[in-house]
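Let's take a walk through this structure together.

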Amino acid sequence: MAEPVVRIPDAKVALSTASVYPESTATAFEIAARLGYDGVEIMVWTDPVSQDIEALRRLSDYHRIPILAVHAPCLLITQRVWSTDPWTKLQRARSAAEKLGATTVVVHPPFRWQRQYARDFVAGIWRMADETDVRFAVENMYPWRYRDREMLAYAPDWDVTKDDYRHFTIDLSHTATARTDAIHMIDRMGDRLGHVHLADGRGSAKDEHLVPGRGTQPCAEVLERLALTGFDGHVVIEVNTRRAMSSAEREADLAEALAYTRLHLASAVKVPRR
């Protein structure tokens, strides 16, 4: 009889540089290296280093930490980063990924007021995906809520599984904010799930990005499913540490998130011992 043994899947665990905010992109590389992350995802935003390919390459080489993904500047606070034109932003994100050796560009669906961009978005993402080996992984979002009111801020939809994309990113903080079932969303994504943003949430109207295990999302179940299905994309820790009282407390949160992720990615499977 074969005995259960621990198998670690091919998925790499990366640290989003957003997870160290308000500290810098450079600090994210230092922490990722010190804690033993497999790589980083660059959140391109107002930190000039996050926008500078040569500076990022030097950090990656110095810390021996690969850049696995680039998050395009899709946030409200990055409206003017890498141009005000959304397609130019994606072209620059793709170029950065190619030059830095990253395999994935994470992109949000457009805001509803970006009407022309939203109208052409699905076809445009397919067109860009056909021009590169880099994956454009479109991320699930959520409706905006204020008291009892709900506003649909993203188009074609915050639920990206309603449209046809080659690759998806699932974000478990966003499933919490949307109050949607993360497991069912993963089922709808199927083998097009190419990237994971791991965080937790309690269903607040705010996008909480808690350390995995501190909210209500099925983070452990998702990781175990990824392991059992042979997921070969990246699992990125994207948590909010802004309330950390010190750098040591921030680093402890990121160490906890990494340990949690590695624990649940290890699955017991029956394979013959040699």
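Helices (H or I, at least four residues) and strands (E, at least two) are DSSP runs, numbered from the N terminus. Axes are lines fitted to C-alpha atoms, for helices over the stretch in contact (heavy atoms within 4.5 Å), and angles run from 0 to 180 degrees between N-to-C directions. Helix α4 (residues 115–129) packs on the sheet as well, touching β5 (104–107) and β6 (135–139); the direction of α4 makes about 150° with that of β6.

A word on what you are viewing: this is a predicted model, in which local features need pLDDT of at least 70 and side-chain atom pairs count only at pLDDT 80 or more, while totals for chains, interfaces and linings use all residues. Residues are numbered from 1 along each chain as its sequence is written, and side-chain values use heavy atoms, with hydrogens and water left out.

Now follow the strands around. Eight of them close into a barrel, in the order β2-β3-β4-β5-β6-β9-β10-β11, with parallel pairing. Two strands pair if DSSP finds at least two bridges between them. From one strand to the next, the twist averages 25°.

Next, visit some loops. In the loop between β2 and α1 you will find P22, joined to Y21 by a cis peptide bond with omega of about 15°. Another cis bond runs from A155 to P156, with omega near 0°; P156 sits in the loop between β8 (149–151) and β9 (167–171).

Two residues have a positive phi of about 55° although neither is a glycine: W82 and R179. Are they buried or exposed? W82, in the loop between β4 and α3, is buried, because its relative accessible area is 7% (buried means under 20%, exposed over 50%, partly exposed in between, with a 1.4 Å probe and protein chains only). R179, in the loop between α5 (172–178) and α6 (182–189), counts as exposed because its relative accessibility is 54%.
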